[in-house]
Amino acid sequence: KSDHEETVWDACKRYPKACFWIALLLWGVVLVGYDSQAGGMVVSIPRFREDFGYYYAGNYVLVSKWQSAFSGGPLASLVFGSIGGTWISDYIGRKWTIFIGLTVSIAAVGVEFSATTNEVFFAGKFINGCGLGFIYSVSMTFIAEISPLSLRGITTGATNLSLCIGPFVCYLVSNKIATRDDAWAYRALFASQWAFSGTCFLLLPFIPESPWFYAARNQDEKAKQSLMRLYGDQYRSIDSRLNWIKTVQQEVRKTSEGASYIDCFRGTNLRRTIISCMPMIIQQMSGVNFIANYSTYYYQLAGFTTHQSYQISCGAQALSISGTLVAIVFGDRIGRRRLLILGLSVLTVLLAITGGLATQTENVQILKAASAFIAMYNFFYNAGQGAVVYSVSAECPASHLRSKTIALALGIANMLGCMWSFVLPFIFNPDNADLEGKTAFIFCAFDVLSLVYLYFYQPETANRSYAEIDEMFNNHVSARNFAKYKTQ
């Protein structure tokens, strides 16, 4: 069978070693999702608020500036780590760049674990974010490079699934330890990360380096050895595979030579850049930062016990995983545009209902009902946006500007994520604006504006080749006609 004829099951049976190493890299990505959730979740642990916060109106709360720093600082350092890790991996290889990230993460978690002041805890979180940036960005590249063609769609989609599994495990751990009346109520949450990073740290030295890295440096013999270790004797032709890799790299160099970020905003590329960036911008403006970081805390403010709040959060994260699976299975069948519009429409309704119910601050039962809609958000977000935006951002740019356009989209999205991480504590917390669940109204308004954009300007690119997408953009086909347009 050729690469195109090979089924998913055929590839799994034929290349078990490659599948194992891909699973190990995905295990490392779970660590990224775990830490991202732990940073926001720790605010909902009563003992952490008591040790690092102050007494206010009958409860312990964190100072908003530190709460902002704990969530926004690591996200900012993750961005810098992602950029730096990608650059370093081109010089020392994918494997050892990830290994450096793991080493930094293990040490930084030790700082978090032993911290007794806000300053030391923030230092640990910030350093850890940099290490996780190395792991996240380089693992995605590594997975794409070593995945057989028939598995590439599943393995890249599984990256988002790993980011959902991490928070789910985080909630399970918190459900067991958050009600403790000592420092282990939150320290165990951080120590658990060593299970992920430690496993990868021990096994990563044995993984073959990416053959793409060796091919780019003209180290053909090492590239062949990597191909043999990844695919073994079952691979059709090591030499032909290496030649194909080198041909692709030469074509990329030709098309990207002389291209600059300014070119992303010239001619038809301006439209393509906007269409590539907007789904990621909409994702950040849809309320995901509010739901991800404050849902458990809100459940407690709504009247649930600490234990009950974590049980609800576990169920909500299970819904996130289910939504991601729906997007992976049905994304191409339903279509990118339709999935984005349908998903965001449901999120808009859920946020409107949540905000409305949250206005009844004296009625505990209504506030608890609002919690149910917050939990439902997780499913529809991941089914409609969580994984789809990455496909859109990769499909729409011109080939010679694809890497630069994706970098722009990720950069803007991460900057917005940082902004919300710093701003939300001042909007949500009882000792500041005290909007609590009414914060949903802010994101509901953004979602309405985003729906207008998606309907009029977001094209359908599912099941289209890059050549077909190029033709439609060059012919100025309107967004709503992309799906039915017949290419030459």
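Student: How many cavities of 30 Å³ or more does the structure hold?

Tutor: Five. Keep in mind that this is a predicted model.

Student: Okay, and how much space lies in the largest cavity?

Tutor: About 60 Å³.

Student: Which residues line the largest cavity?

Tutor: Gly39, Gly40, Val43, Gln67, Ser71, Asn293 and Tyr294. Helix 2, helix 4 (64–92) and helix 14 (288–301) each put at least two residues into that lining. By class, the lining has two nonpolar and five polar residues, with no charged ones.

Student: Switching to pockets: how much space lies in the second largest pocket, and what's closest to its centre?

Tutor: The second largest pocket has about 260 Å³ of space. It is lined by 16 residues, and Ile334, Gly335, Arg338, Glu460 and Ala483 are the closest to the centre.

Student: Which helices supply at least two residues of that lining?

Tutor: Helix 15 (306–334) and helix 16 (336–358) each do. The lining of this pocket counts eight charged, six nonpolar and two polar residues.

Student: Back to helix 2. At what angle does it pack with helix 9?

Tutor: About 150°, with the axes of helix 2 (residues 16–41) and helix 9 (residues 193–203) 9 Å apart. So helix 2 runs roughly antiparallel to helix 9.

Student: Is that crossing left-handed or right-handed?

Tutor: Helix 2 and helix 9 cross left-handed.

Student: What meets what there?

Tutor: On helix 2, the residues in contact include Trp21, Trp27 and Tyr34, while helix 9 brings Phe196, Cys200 and Leu203, among others. By class, that contact has eleven nonpolar, four polar and one charged residues.

Key
Residues are numbered from 1 along each chain as its sequence is written. This is a predicted model: local features need pLDDT of at least 70, side-chain atom pairs count only at pLDDT 80 or more; totals for chains, interfaces and linings use all residues. Side-chain values use heavy atoms; hydrogens and water are left out. Axes are lines fitted to C-alpha atoms, for helices over the stretch in contact, and angles run from 0 to 180 degrees between N-to-C directions. Helices (H or I, at least four residues) and strands (E, at least two) are DSSP runs, numbered from the N terminus. Angles under 35 degrees count as roughly parallel, over 145 as roughly antiparallel, 65 to 115 as roughly perpendicular and the rest as oblique. A crossing is left-handed if the near helix is turned anticlockwise from the far one by less than a right angle, and right-handed if clockwise. Contact means heavy atoms within 4.5 Å. Ala, Val, Leu, Ile, Met, Phe, Trp, Tyr, Cys and Pro count as nonpolar, Asp, Glu, Lys and Arg as charged, and the others, Gly among them, as polar. On a 1 Å grid over the protein atoms alone, a cavity is a set of points where a 1.4 Å probe fits but cannot get out, and a pocket is an open set with protein on both sides within 12 Å along at least five of seven lines; lining residues have an atom within 4 Å of a point. Grid points are joined across faces, edges and corners, and a volume is the space filled by probe spheres set on the points.
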